[in-house]
Amino acid sequence: MKFGNLLIAGITTGSIYAMFAVCVSVWYRVSNILNLAVGDFAMVGALGVDNLYRVKGLPLPVAIITTLVVVAVFAYLYDQVVLRIAQDGRRPIEGIVITFFFTFALSFFIDGVAKVLFGTDVHAAPTLWGGPALTLGSLNFERAGLLVLACAVIIGGAFWLYIRFTLGGKALEASGENSLGARIVGIDTRQYRRLIFIGTAVIAALFGIVESPITGFTYLSGATISLTGFLAAAYGGFRKPGRALVAGLFIGVLEAMLGGYVSAEYGDTVLYAILAAAILAWPRALGFESAVSG
Amino acid sequence: MNQFLTASARALAWSSAVASSRAARQVPRGGVPSVIVLVAGAIIVLNYGLLYTGSVFVLSACYAIVTAGMAVQIGFSQQIAFSQSVFFGVGAYGVAILNSHLHMSVLLSGVVMVVAAGLIALLLGSVVTRASGLALAVATLMLPLIAVGYVSGTDFLGGPVGSPLNGTLWPGGGSTTLVALGGGLIVVVLLAAVVFIASRILSSDIGLELFVLGVDERTAAALGVRTPRRKLELFVLGCVCAALGGVVYAGTQQFVPETVIDPTTELALLIMLFIGGRRSPIGAVIGALVIQYLQGASNWVSVNILIVEGVLLTVVLLVDPEGLSGIVQTGIAWLRGKSEPASAPADLAAAELAGAELAGAELAGAELAGAELAGADPPAAAVAPAASAGRESPDEIAGPDARDATLLEVRGVFKEYGGLSVLHDVTLALPGRGLFGLCGPNGAGKSTLLNVIGGSVAPSSGEVIFAGTDITRRPPHERFYQGISRTFQAVHLIKGRTVLDNVAVACLASHTASIVTRIGRSRLDAARAKATRTLADLGMAHLADREVSSLTLETQRMVELARALASSPRLLLLDEPASGLSEEQRQRLATLLVTLADRTCVLLVEHDLALVAQVSERIFVLSGGHLVFDGGPADFRSSPVVNSLLVGS
């Protein structure tokens, strides 16, 4: 069952891409900033837990909670200091390109700090659910992969429920559709920008913790993760978390299939060529035109 | 490293002194920055070329060649393409292969590779530059990703190890001193040349086109900018600069590591550009210098380079989005402001107010002229102040007969978006002169019809005939040069530029020229002269040097109208020019429109029915994409269809 196992692998990596894509696009909706530092939060989550648990000898739950709290506090401070000056000042900095570079800079900064704190070796958070792979007929399910899927379903579902059924979710959607209009009817869009920034940072860190046993991270892994999340978000049209999720899954499955059937060595190269061709062929259908004007 | 700083400072001080003394005697465009680069670079190379400092400087100059090109393509024209690292790799690897495998000299193989890169960029660019904005960015982001996969898998290029060179950039050979200094000087000369070319392009008439393209591609096309060609030229320019940087990198470093085509190289280049100042070639050079200096310093800075770059980029962008060059410019402006305290902001505001009154007075004069003209012969219209703006109008030459000949014909136009029908079998014809109103409720398809005529939207079926030619499939910029000019519902002026430049955009007539021709000669002054005449004709000459976003809405709409008139159009499409204006301002506008209609054909989309009925000789009403009314103002006022649709029951 090569196809079945490739599909499982593809859905597992795809769900990772999808989660980061959702983080990128949800925050883009409220802030109009593409967050390229989301993968760096994931890296900090994984390496932070590893450092506290393995090196400092803290119990695992304490290590995880401490790491997530540190990420949340850092995200809060960044919003309060940099984003407040950049966006809420007398001369707000606008334009998708220039704001993009703030998150570039943030990504560099986090990587630099991680290098000092965690060193340059490959590490991973300990597996939360160890043991041999589960089998069902000829299909193999890695436990770490199942954990990733479970987290994706739970977090994705919680997001959906929040946006769909709570007043906060409606307000969130409103500030994404029309920031000025939302502010006029009394929605504090800045509060949502901060809330979602901290929320996506923590979710990214959590995903880093769950994902790292599969791949292993170094202090430079953040950029690669951000890139995949950014790409999936791009193919979802940047503003649509639902479409970003589907795009993430699709890219993951396509990557696994190309690696399995076309070429293990050049699978990724073919994948990127296909993705580039898709944008050039159907920019409008993929939602690029609307994203540009936003 | 401190020697490096003091040397740079001394060289900069000296060269800027030279530059400023020359500036008084009309330096050629782009002369000052390139002279600074040439002199300062040569001094640093000759003083420190053999030391570590010198080698860091030469490396930073290699990157600066790339970032100077990026300032034109990415910063100034906002065409974000992540193709630099790949073409840097094409140049560097190409030289390495030609030199070590085919034993070609570095200089010759460099020339070969720059030409080859240009051709590859032309092919690749004709595909990828069809995309705009983020689509272009994401599509080209794939290029480094694809290239990394290819290079790391091929033994030919050395795989993950890299590719060495046998030769050096300095062709003569000789002692190590000569090779190091000679190679460094070649890099500096090439960098100065690139800065010179970039500065000349940006200060030319095409530079103005590129600025508009960067702000809004659709507006640029409507103003006659040949956007597909400009985007391709920019892509090729950026790629050729990147390849040249790669060539001199290989020639001076004598080794090409796999990391040159990495996406991290792309990121490093972008950070240099944004720290230095994205819109300015010399800023991009400074950015490359600063980042390479920080990376090359063997102390805690280079160990924690990621933290330093992150903090530096954040702080610089928070202080000024235009980077270090923006900060320096603000500083210079502040110093100059201190020495000349006369120009206080309050005076400026008062000046605009007086100006507005003046414009009002001139327009009132136009009203007088318009009233007199009602009974006068059509040729006498040329006497009216506003009308003289169109002295080159073909209709003026064609004489009074043009009034009756059909200028524009819209035949059976349909437009569907998905399953939604926006225009349904719309047919109308307009003569060479006169004022025609187009009304309808919101969503009736008025703006879509204007877009179909202007060319920014292609109809699903039907034809648009202009002056006897079928223009249905012609791009907007061609229609502009055939004489169709338009304004937009929301004001689409180019922020950050003066009123004069905003009007001059419509006077450029550079659609047939290529970027390369503007290295030699600029036609910006001619365009500005024509724009000055147009502004003077409309009584707005005093506004010429004002930055557009500092103007009131009425004045902004007047500037947009001036821009639409500057090209002496045969057909003027106005999309709700009166929205947001007061009653008094509307009356001034109405007077002006009537005057205009004597020499050109005006199609006016407007919600203000009274205004439309007052000025139009014939009115069209659209509803749900159907043309439901076509008649004179008297019928318009009494028509039950119009009343139920627009006035409400």
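This report walks through a predicted model with chains A and B.

**Chain A**

Start with the make-up of chain A. Its secondary structure comes to 12 helices and two strands. Read from the N terminus, the elements run α-α-α-α-β-β-α-α-α-α-α-α-α-α.

Next comes its overall form. The C-alpha atoms of chain A fill a box of roughly 60 × 50 × 35 Å along the principal axes. A compact globule of 294 residues would have a radius of gyration near 19 Å, and chain A has 19 Å, so the two agree. Of the 294 residues of chain A, 48% count as buried. Consider the contacts in chain A with a separation of 6 or more: 76% of them join residues 24 or more positions apart.

**Where the chains meet**

**The domains of chain B**

Chain B is divided into domain 1 (30-262) and domain 2 (386-494 + 564-647). Their centres, taken over C-alpha atoms, are 47 Å apart. The two domains do touch: 13 residues of domain 1 of chain B are in contact with 10 residues of domain 2 of chain B. On the domain 1 side, α8 and α9 (217-222) of chain B each supply at least two residues. The largest share, four residues, comes from α9(B). By class, that side has seven nonpolar, three polar and three charged residues.

Helix α8(B) is mostly covered, with nine of its 11 residues buried. Among the buried ones are Asp205(B), Glu209(B) and Phe211(B).

Helix α22(B) covers residues 524-537, which makes 14 residues. From first C-alpha to last, α22(B) reaches 20 Å, close to the 20 Å expected at 1.5 Å a residue. Which residues of α22(B) are buried? They are Leu524(B), Ala527(B), Arg528(B), Lys530(B), Ala531(B), Thr534(B), Leu535(B) and Asp537(B). These buried residues pack against α8 (205-215), α20 (499-504) and α23 (553-566) of chain B. After α22(B) comes Gly539(B), whose phi is positive, near 70°.

**Strands of chain B**

Four strands of chain B form an open sheet in the order β4-β3-β6-β7, with antiparallel pairing. The edge strands are β4 (420-431) and β7 (469-470), and each pairs on one side only.

| Strand pair | Sense | Bridges | Residues opposite each other |
|---|---|---|---|
| β11(B) (residues 618-623) and β12(B) (residues 626-631) | antiparallel | five | Val621(B) and Phe629(B) |

The pair β11(B) and β12(B) also forms a hairpin, with two residues between the strands. In the turn, Gly624(B) has a positive phi of about 55°.

**A closer look at Met113(B)**

Met113(B) lies in helix α5 (residues 106-128) of chain B. Is Met113(B) buried or exposed? A residue is buried if 20 or more other C-beta atoms lie within 10 Å of its own. Met113(B) has 26 C-beta neighbours inside 10 Å, so Met113(B) counts as buried.

Which residues does Met113(B) contact, leaving aside its neighbours within four places in sequence? They are Val90(B), Gly91(B), Gly94(B), Val95(B), Ala243(B) and Val247(B). Take Val90(B) from that list. Met113(B) and Val90(B) are 23 residues apart along the chain, and their C-alpha atoms are separated by 7.5 Å.

Conventions. Residues are numbered from 1 along each chain as its sequence is written. Chains are lettered from A and ligands numbered from 1 in the order in which they are written. This is a predicted model: local features need pLDDT of at least 70, side-chain atom pairs count only at pLDDT 80 or more; totals for chains, interfaces and linings use all residues. Two strands pair if DSSP finds at least two bridges between them. The radius of gyration is taken over C-alpha atoms; the globule rule is 2.2 Å times the number of residues to the power 0.38. A residue is buried if 20 or more other C-beta atoms lie within 10 Å of its own, exposed if 12 or fewer, and partly exposed in between; C-beta atoms are placed from the backbone. Two residues are in contact if their C-beta atoms, placed from the backbone, lie within 7 Å. The expected span of a helix is 1.5 Å times one less than its number of residues. Domain bounds come from an automatic or database domain assignment. Ala, Val, Leu, Ile, Met, Phe, Trp, Tyr, Cys and Pro count as nonpolar, Asp, Glu, Lys and Arg as charged, and the others, Gly among them, as polar.
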